[in-house]
Amino acid sequence: MITLKSVTLPNGETLGYRERESGEKIVLLVHGNMTSSMHWDLLMEAFDHQYKIYAVDMRGFGISTYLKPVESIKDFADDIKSFVDELGLKDFAMVGWSTGGAVSMEFCADYPGYCNQLVLLASASTRGYPFFGTNEDGALDVTKRLSTLEDIKKDPIRTIPIQGAYDSGNKELLKAIWNSLIYTKNQPSAEQYDEYLDDMLTQRNLAEVYHSLNTFNISNESGVRAGSSKVEKICIPVLILRGDEDLVVTDTMTKEIIQDLGPVAKYIELTGCGHSPLIDNLDLLKTSITNFLQETENKQYEIKG
């Protein structure tokens, strides 16, 4: 049984979360942009019952509050730290999807000793998710990397239309976007899809998330901001998963993660999947994660830096 709950953090924010009672081994699910813990429902229902599962609504998503705007991926990671402390969670595995992958990497680097296995599902890169400006024709110009929150808010391709859909409750536009980029192969049931769309409308931090992704960089490489090299502090087993038909996270971004994490990471390509393997091939996703958790239990690496 999955129960929706909430907990108030020391910083005053209240985070919603879904909990599935089962075994003693804990898995914490961290969602991506335009979603919440609701979008994990199929995996939570299908996952092996030796695991107890928590799925959190990050600040500004789902039923969570958004009292103070986020400025970075670290803000989300710090919320996760307070969240697991309030619930008394330790020695757990994390699965971070898309933006949630960046949040999970930041958390693992900043707070060692909590997470012992990490799964990055269609994750933003260790070097962030770049946002580019447009040329005179309105097409993306990869020579014009955006750098400020104000730039992001003025973005005519992503921010303005999606924020407009949120403001007006235009679920048809959101559905069209997801059908063209994410649910290109399979779609949820009509009832489930409508619930997901209603859930998307709860997001209150779109531009801030985009800015946080654009400036995120825990690598040793330079970007909009200099790399923090925090990736060297991730010394637990990491599974990197990407669908070979993903139109959101590129192959290049995934190769950056593989390169930056080095020997702690294992990569599996999910054949026939796009950005949401939960919908495209739930069995393959579930099996890939479960096998990894079983194979790497109690495994540890030396800190690289």
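Modeller: When a lining is sorted by class, Ala, Val, Leu, Ile, Met, Phe, Trp, Tyr, Cys and Pro count as nonpolar, Asp, Glu, Lys and Arg as charged, and the others, Gly among them, as polar. This is a predicted model, in which local features need pLDDT of at least 70 and side-chain atom pairs count only at pLDDT 80 or more, while totals for chains, interfaces and linings use all residues. Residues are numbered from 1 along each chain as its sequence is written, and side-chain values use heavy atoms, without hydrogens and water.

Biologist: How much space lies in the largest pocket, and which residues are the closest to its centre?

Modeller: Rolling a probe the size of a water molecule over the atoms shows where empty space is left. A pocket is an open set of points on a 1 Å grid over the protein atoms alone, where a 1.4 Å probe fits, with protein on both sides within 12 Å along at least five of seven lines; lining residues have an atom within 4 Å of a point. A volume is the space filled by probe spheres set on the points, which are joined across faces, edges and corners. Here the largest pocket holds about 660 Å³. Its lining has 29 residues, and Tyr129, Arg158, Leu181, Tyr210 and Val248 are the closest to its centre. By class, the lining has 20 nonpolar, 8 polar and 1 charged residues. Helix 6 gives the largest share, 4 residues.

Biologist: What is the lining of the second largest pocket by class?

Modeller: The second largest pocket has a volume of about 230 Å³. Among its 14 lining residues, the closest to the centre are Lys25, Asp91, Asn116, Gln117 and Glu297. The classes are 5 nonpolar, 4 polar and 5 charged.

Biologist: Which residues of helix 7 are buried?

Modeller: Helices (H or I, at least four residues) and strands (E, at least two) are DSSP runs, numbered from the N terminus. Buried means under 20% relative accessible area, exposed over 50%, partly exposed in between (1.4 Å probe, protein chains only). In helix 7 (residues 190-200), Gln192, Tyr193, Tyr196, Leu197, Asp199 and Met200 are buried. They lie on the same side of the helix because they cover an arc of only 160° around the axis, taken from the directions from the helix axis to the C-beta atoms. The face turned away carries the exposed residues Ala190 and Glu191.

Biologist: How many residues of helix 8 are buried?

Modeller: In helix 8 (residues 206-215), 10 of its 10 residues are buried. They pack against helix 2, helix 3, strand 8, helix 4 and helix 5, where contact means heavy atoms within 4.5 Å.
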